[in-house]
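Reader: I am new to reading structures. Could you take me through this one?

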Amino acid sequence: MSSELNIALGGVLAARQAIEVVGSNIANARTEGYARRDIQLSGQSWTEADTGGSSVRVTGVTRTRDAFLEARLQEYMGAFSRNDVQLDYFAEIEGILQEPSEQGIGTALEEFFNLWQDLAMRPADATTRSTLLANANQLADKIRMLRDGLSDIRKAALLEVNQVVEQVNTIAERLADLNDRLAIKDTESSPASASLMDERDRLVRELADLVGAVDVTPNQSTVRLSIGSSLLVDGSTAIRLMSPLDVNSPVTMAGGSNGVAVDASSGKLAGLMALMTDTVPDYLSKLDDLAAGLVATVNGIHLQGISAEGRLADVTASSAFLDVDNDGNVSNEILATAGLPFALTAGNMTVNIVDSATGAVTTHSLDVNPSVMTVGDLVTALNSIANLSAGLDNGRLRISASTGYEFDFNGEQTSNLLTAAGVNSFFDGYDAATIRIASRLEGHTERIAAGLSTDSGDGANALRIAEARYAAVFTEGNVTLPDYYRQFVTEIGNDSAGCSRIAETRENLLDIVRTQEESLSGVSTDEEAARLMEYQQMYQACARYLAIVGKLTESLLSAI
Amino acid sequence: MRVTERSRTADLLRNIQDTSERIGTLYNKMASQQAVSVPSDDPSRTASIMRISAYLTTLEQTGDSLKEVQGFLGMAVDTLEVCSDTVMEAQTLATHALSGTLSPSEWNAIGNDINELLESIVQYANQNYDGRYVFAGADTKTIPFAATRNAEGIIEAVSYEGSQTEKVFPIGRNRRMAGSVTGEAAFLDTGLIASLISVRDALTNADGLSPEEQEEAIRSGFDALSTAQSDFFALTGNLAARCAEVDALIDQNASMTSRANETLSNARDVDVAELTVNLQREQLVYEALLASSAKIMSISLLDFI
């Protein structure tokens, strides 16, 4: 009789444990990272003689996990996160770009050239001059603001990189600790181990999401994680990541791989680093090129013009020659390397000296070889021109006419020297960060050089600047300034749209794998309810069987 | 395929999010009435919109320039036409003087009338438009003509103080047009003012000539005036033709502006009817999604145990 009792008892206990597992599954149906538990039952013989009677026992409770699916999930999570994290930044970039709209740089640039055309029609009109200056100021402001905005986005990306690095370090340390604890238990049949493994898998996924880390030893009780070729977690050891020092530096590995740059190709970190060190710097560089092109083009023409004040009697350049070799002397610097913001070419520069009384014009053309000529040579050459004197004012070229004479630069300027030095310029600066209206024009609209003669209605130079909008400023591809800006906007749009499309595709792939993984490891309450009924019936049947065996025993005892 | 609670919830949330996002996008387009809000909506269309907008502002700028030229040139032509009438009047007076029946005092009176006409022409030659002297060439701020007068205030000579260069206006991409002629070309080179002075002086006998010499001087001045008038008419006609060209350019520019506006509208603006239909469809989808999800999500085997 004891074997029958044992059979019944085994069944009751197994059913109760199974119900416990079902309960655990139902309770964790919505727990993130929880893998459904399966109970394994097997027959158990209670008699040595083969009477056919056997009970049931629980041989294990397993977590339903597929290492292959898990690896794919990690891979797709990292790939998706790389693009997903960039989407918000692209939205911000497009927000500050303000295109296509009337608030963008594109409209301001067109308006700028239109106002030069207005000035060409009404060069003596003070209102037209003021409007032009105000618009040019706005254009320069917008360019600078866009640059500042892009720079701020790089800084924001750096902050987020630092946060990601902190998170990675925390998670890696917890994983190393879990590895340590799981190495001791080395089994997932106990509920405690299974929970630790759930936790471990959840953390591995977080690392895949953050830094694209992959488990290089799947199917093991402990994980070994790497980012690219560098190990991040190895057994109970976690290698710390070091935050970048600035927006141009990489994330590096500490410990044994001290100083090695992290070569993450997926995960949030890869997306942020790509934005911070590649994408946004590329935009900044193009914006700088646009500003430099605008400054050089407008200043190159403005230089040759004559203002409403008449020709020049004294002018100081806005850019200074630098003492590059730090010998305390600027004069001995070679022009080409003397720190001017724009490139110089071998060519000439033209100066017209005009006798104020007679109007007699004497034209002088100086040969300039910037790779040989020094700053001192230039000053000497200018001083050799009758009725003209030149010198350096804090490194800036200053040119003056003798009393009774004045000068202008209307003529060939193939060396680009005076434009690079910022003589009689409209803009100061040389890139998107420094572009602004020339300080000598602030409050002095009459100094705008609209004409090529002293005639009050001469707007010929203003018209040349207005028509510069059609000039191929960027020699590669013969691109005009407005076209270059449109290409810049289109590039950002394409990058953003491309990132969005890739993110969408990767999200779809991730969803497919997630669904597969969820289908395998997730909990269906309907399924658990069915099992619950099944084990309930099992329990009830075993209990009933126990009762019958009890009655049989009772009947037997009553016969004594 | 096993369907779990988490996957069912995830599917529902994803579907709600996708539909809400589509509705949000449509709503934004409806509110802004623009098909492209940011470059990533349609990068190539963004480039088109920016290119057409730039082209449109150029056309509008050209339109403004043309109207400016039209005004400036119109003022020049009107002034020259008034001057032509004045010259014709002077010529009529000179013809009358040469009719052979007038006395020296009557010649003198006619000379005084011609002097008045000369004063008018000098005044017209200094005509300005919107604060700019029409016949000063490129030096539009300088009064172009200065008269030298004798003790009685009679004009003895008129000198040109303006620029030799014509005032030029932009009228399109790399296209320019002179907005007038220099006063020197119109009033001095044609000999208009000089011939008027000459006729007037002959009639008033400013040089104390004998009657025969005076008549000869009047005839000579009359001939010079006729020649000047002919040249002046040709010049006025030339400017009037330029005016007609500007009028035609304005019409052409307006037509191009209208077409560019239409192209821009096609590229930039939303099709409201299409958008409304799409919005209604998405709303229906959203309602159906919520209704069906609420039904499915609320059913469980546990309810029947």
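Predicted model: local features only at pLDDT ≥ 70, side-chain atom pairs only at ≥ 80, totals over all residues.

Reader: Is chain B compact or spread out?

Author: Chain B is more spread out than a compact globule, because its radius of gyration is 38 Å, well over the 19 Å that the globule rule gives for 305 residues. The radius is taken over C-alpha atoms, and the rule is 2.2 Å times the number of residues to the power 0.38. Along the principal axes, the C-alpha atoms of chain B fill a box of roughly 140 × 30 × 30 Å.

Reader: At what angle do helix 1 and helix 7 of chain B pack?

Author: Helix 1 of chain B and helix 7 (residues 272-297) of chain B pack at about 160°, with axes 10 Å apart. Axes are lines fitted to C-alpha atoms, for helices over the stretch in contact, and angles run from 0 to 180 degrees between N-to-C directions. The two helices are therefore roughly antiparallel, a term for angles over 145 degrees.

Reader: Which residues make that contact?

Author: Among them are B:Leu12, B:Ile16 and B:Ile23 of helix 1 of chain B, and B:Leu279, B:Tyr286 and B:Leu289 of helix 7 of chain B. Residues are in contact if their C-beta atoms, placed from the backbone, lie within 7 Å.

Reader: New topic: how many residues does each chain give to the contact between chains A and B?

Author: Chain B gives 40 residues and chain A gives 46. On the chain B side, the largest share, twelve residues, comes from helix 2 of chain B.

Reader: And what is the order of the three-strand sheet in chain A?

Author: That open sheet has the order 11-10-14, with antiparallel pairing; strands pair if DSSP finds at least two bridges between them. Eight bridges join strand 10 (residues 347-355) of chain A to strand 11 of chain A. A:Gly347 stands opposite A:Val368 in strand 11 of chain A.

Notes: Residues numbered from 1 in each chain as written. Chains lettered and ligands numbered in written order. Contact = placed C-beta atoms within 7 Å. Helix = DSSP H or I, 4+ residues; strand = E, 2+ residues; numbered from the N terminus. Parallel < 35°, antiparallel > 145°, perpendicular 65-115°, else oblique.
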